[in-house]
Amino acid sequence: MPALRVLSLYPELMNIYADRGNIAVLRARCEWRGIGFEHASSSLGQRFDPDAHDLIYMGGGQDRDQVAVARDMESTKREALHAAAGHGAVVLAVCGGYQLLGHSYELDGEELPGVGLVDLRTIREQGPRLIGNCAIEADLGTGPRVIAGFENHGGRTYLGPDETPLGRVISGHGNNGRDGFEGVHSGTVIGTYLHGPLLPKNIWLADRLIELALDIDLEPLPGDELEDAAHASARRAAGV
Ligand code: GLN
C-alpha cells in the first residue's frame, strides 16, 4: 500500500479558521483505507526536500504573519516548491497561503514577495473585506463539482492571462469580487480562498487530492452518504 507523505508549511503561523483540519481529513481518509499517512512540517528558517513529499499544504494567515512567512518562504522554500510541483507533487494553499503562491501581495504600500509558482498578484485595495459563505464549480478531472466554503480576505487576487482559475463562483466573492472566478489551478498546484476548513466541507476534494498526489483511484468509503448530506447543507448555506 502507498503512503501519502504530507508537508505542512508554517502550520503554527498559517492556520486561520483551523485550516489544520484539512490535514486531519487527509489523514482520516487515508487511514480508513489502509493507506499510510506521514506528516511533516517546515516553518521559519527550515528547508525541505522536494522529493520527500506527495502533497504540500499551507493554510490561511493574518497579514502580519504573512509578512514574516513571505520573506522566509522566498529565501528558504521557493526553489524546493518549484522542484516539488515540477515533478508532480500536489501543492494546496488556502487564502493567505494562496496569496503567497503568486508573484506578490501588496499591502499598505509594501510589496510582499510570493514564490511565483503561479502567475497571479494580490493587492490589498480600498474597500470592504470579502467575507461570507462561497460556492464554486470546479473540475479536477472528474467533471464539474461544487466546492463550498467560507471566505474572508482583504486581498484581491488577479490571475495572469494564461492562468486558469480553480472554479467559477456560483455564490460569494471569489478572487476579487469582480471577475466571477475563484482560486487557481495550474498542473498540480491549487490555490483557493475557501476555508471551512476546506476539506472537511468537501470530502470529494480531499479524496481527489489523494488520488492526484498518489496517482491512484479511490472508491468511496462506507458512510460517505453522510458526507454527501453534509455537503448538501454546506451548499445550501452558500445559497446553492
Ligand atoms: N491576510 C489575508 C487577507 O486578509 C488572508 C486572510 C486569510 O487567510 N483568511 O487577505
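Predicted model: local features only at pLDDT ≥ 70, side-chain atom pairs only at ≥ 80, totals over all residues.
Residues are numbered from 1 along each chain as its sequence is written, and side-chain values use heavy atoms, leaving out hydrogens and water.

So what does Tyr193 pair with? Its partner is Tyr98, edge-to-face, at 5.1 Å centre to centre and 80° between the planes. Rings of Phe, Tyr and Trp (its six-membered ring) pair if their centres lie within 6.5 Å; planes under 30 degrees apart are stacked, over 60 edge-to-face, the rest tilted. Tyr98 sits in helix 4 and Tyr193 in the loop between strand 14 and helix 5, so the pair ties together parts 95 residues apart in sequence. Helices (H or I, at least four residues) and strands (E, at least two) are DSSP runs, numbered from the N terminus. Tyr98 is buried too, at 0%.

By that rule there are 2 aromatic pairs. In the other, Tyr17 and Phe150 have ring centres 5.5 Å apart and planes at 80°, so this pair is edge-to-face. Tyr17 is partly exposed at 36%, and Phe150 is partly exposed at 23%.

Phe150 takes us to strand 9. An open antiparallel sheet has 4 strands in the order 9-8-11-12; strands pair if DSSP finds at least two bridges between them.

Definitions and conventions
Buried < 20%, exposed > 50% of the residue type's maximum accessible area, 1.4 Å probe, protein only.
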